[in-house]
Amino acid sequence: MNKTVVINVVGLTKNLLGKHTPKLSQWAEKGKVATVESILPAVTCSAQSTYVTGKMPSEHGIVGNGWYFRDDCETKFWRQSNKLVQSPKIWEMARELDADFTCANMFWWYNMYSSADYSVTPRPMYPADGRKIPDIYAYPANFRDQLQAEFGQFPLFNFWGPTASIASTRWIANSSKWVEEKCSPNLTLVYLPHLDYCLQKFGPDQDKIAQDLQEVDAVCADLIDFYEQRGASVIVLSEYGITSVSQPIHINRLLRSQGLLAIREEEGRELLDAGASKAFAVADHQIAHVYVNDADCIPQVRSLLEQVEGIDYVLDENSKSDYHLNHSRSGELVAVANSNAWFTYYYWLDDKRAPDFARTVDIHRKPGYDPVELFIDPEIKLPKLKVGSKLLKKKLGFRYLMDVIPLDASLVKGSHGCIPPTPDMGPLLISQQSELINSESIKATDVCGLILQHLQIYSEQLAVM
């Protein structure tokens, strides 16, 4: 099979190609650029699962970055087991065509316990003293120590949070090249998250994110040159486009005001009690799965949501199938925001009663996605001093709470999840194999087959000869 590399540049759209991305722009001009029709929801886990299976969420089961696990009565985000994806993966399909096929999955999601030959993904350590220590999970297992000996400890705190930066993207790129030199897989999937941070903080304003575009362009230039010199066919791909937003929708506060959402109190702070609620929402960027434990309340909840300014439409059991979200993991209702709005997970009515984790970076405990984690609370005087004192406690082995995240959703200027207003604001695919791309737009479900075609193109040419 032809060596193929898929570089997933999160948030990249046609609108962002230009003066700040000279390498990607020049490389795109030599090949073919196609927009990818966004799926619903246009979020990381759902989009990636569609790309690697060729199926929609109704079949592969990844209805968002997180959902309500009904048996546990718990909302869980950013699970990592590949067993959660309920359809065959591209590396399994390719192995059916060639028993010697190998694949490296470098930081694409659901990357633990999969059938891929090589994999690396974030996996922090959580000692009993409350610390969060940066680390990775890797297969084969010895890659974990070898990679961190070569490139240093994985920069987890540059991967997400207020200090997110190009450092994590560079680490992933360098580790991908290391795996290529060591193992030379037929297919490598590379995840470059950097643009996701600045686009959510500032929106798709090229002047405000010029440096970020230049930084990710430089990483892409290095990767493209490296892999092409090794005879690889390179695909640049993105998962979604990010739109400017100015309207946070506090959907759980609305449900609570109608007596539908239950909370429980712990030491004066409030926790969402999903199992005891008649209805609650799992907010995930611009979509919200609304779980209605009391079926008699579904008409009431739907009517309530349809009156909310900023909600574009609400899917029910009949209309979910129109968007391929008719899966048991989906909410009884699915609310979709306008392109200028997004959903918070906030459910408390008084910030003083917010849970302690609300002001921290805690992607697993929060019952919804929280992009405000990208900001340091502007109300904190001398934030560097406060962070430094917390880190000192950490270094000395004391318990500490890194409570520096604001509760001001208006800070967020970019979001994604809904189907974008125009194709140029959505995801794209760039390839030098122009003959394989016959239109200006391709379906998300066709990306899997297109990657397989890239893998087979040279072997088919040889067979004809």
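Two strands count as paired here if DSSP finds at least two bridges between them. By that rule, strand β15, residues 287-292, and strand β17, residues 333-337, are paired in the antiparallel sense, over four bridges. One caution before I go on: this is a predicted model.

Let me stay with that pair for a moment. Ile 287 has Val 336 in β17 as its bridge partner. Both strands belong to an open sheet of four, ordered β14-β15-β17-β16, with antiparallel pairing. The edges are taken by β14, residues 279-284, and β16, residues 311-315; each has a single partner strand, so one side of each is left without a neighbour in the sheet. From one strand to the next, the twist averages 20°.

A helix packs on this sheet. That is α10, residues 298-306, and it touches β14, β15, β16 and β17. The direction of α10 makes about 5° with that of β17.

Now the other sheet I want to show. Nine strands form an open sheet, and the order is β7-β6-β5-β8-β1-β9-β20-β2-β21. The pairing in this sheet is mixed. As a reminder, strands of a sheet pair through backbone hydrogen bonds, either parallel or antiparallel.

Which strands stand at the edges of the nine-stranded sheet? They are β7, residues 136-139, and β21, residues 441-443. Each has a single partner strand, so one side of each has no neighbour in the sheet. Neighbouring strands here are turned by 15° against each other on average, with direction ignored.

At the β7 end, the partner is β6, residues 118-122, which runs antiparallel to β7 and is joined to it by four bridges. Within that pair, Pro 122 stands opposite Ile 136.

Helix α2 packs on it, touching β1 (4-9), β2, β8 (187-192) and β9, and its direction makes about 165° with that of β8. Helix α6, residues 166-183, also packs on the sheet; its contacts are with β5 (103-106), β6, β7 and β8, and its direction makes about 170° with that of β8.

Next, strand β20, residues 428-431. In the sheet order β20 sits between β9 and β2. On one side, β2, residues 32-37, runs antiparallel to β20 and is joined to it by four bridges, with Thr 35 opposite Leu 428. On the other, β9, residues 233-237, pairs with β20 over three bridges, again in the antiparallel sense, and here Ile 235 stands opposite Ser 431.

In a regular strand the side chains alternate between the two faces of the sheet. In β20, Leu 428 and Ile 430 point one way, while Leu 429 and Ser 431 point the other way. Are these residues buried or exposed? All of them are buried.

On to the spaces in the model. How many cavities of 30 Å³ or more are there? The count comes to one. The largest cavity has a volume of about 90 Å³. Its lining includes Trp 91, Trp 108, Trp 109 and Tyr 110, along with Lys 89. By class, the lining of this cavity divides into six nonpolar residues, four polar and one charged. Helix α2, residues 44-53, supplies the largest share of that lining, three residues.

Of the elements, β13 gives the most, with four residues. The lining of this pocket has twelve charged residues, eight nonpolar and two polar.

Last, a single residue. Where is Pro 204 found? It lies in the loop between α7 (194-202) and α8 (210-229). Pro 204 has a relative accessible area of 33%. Leaving out residues up to four places away in sequence, Pro 204 touches Leu 199, Ile 242, Thr 243 and Ser 244. As for Asp 408, its C-alpha atom is separated from that of Pro 204 by 20 Å, and the two residues are 204 residues apart along the chain.

Conventions. Residues numbered from 1 in each chain as written. Predicted model: local features only at pLDDT ≥ 70, side-chain atom pairs only at ≥ 80, totals over all residues. Heavy atoms only, no water. Helix = DSSP H or I, 4+ residues; strand = E, 2+ residues; numbered from the N terminus. Buried < 20%, exposed > 50% of the residue type's maximum accessible area, 1.4 Å probe, protein only. Contact = heavy atoms within 4.5 Å. Axes fitted to C-alpha atoms, helices over the stretch in contact; angles between N-to-C directions. 1 Å grid on protein atoms, 1.4 Å probe; cavity = no way out; pocket = protein on both sides within 12 Å on 5 of 7 lines; lining within 4 Å. Points joined across faces, edges and corners; volume = space filled by probe spheres on them. Nonpolar A, V, L, I, M, F, W, Y, C, P; charged D, E, K, R; others polar.
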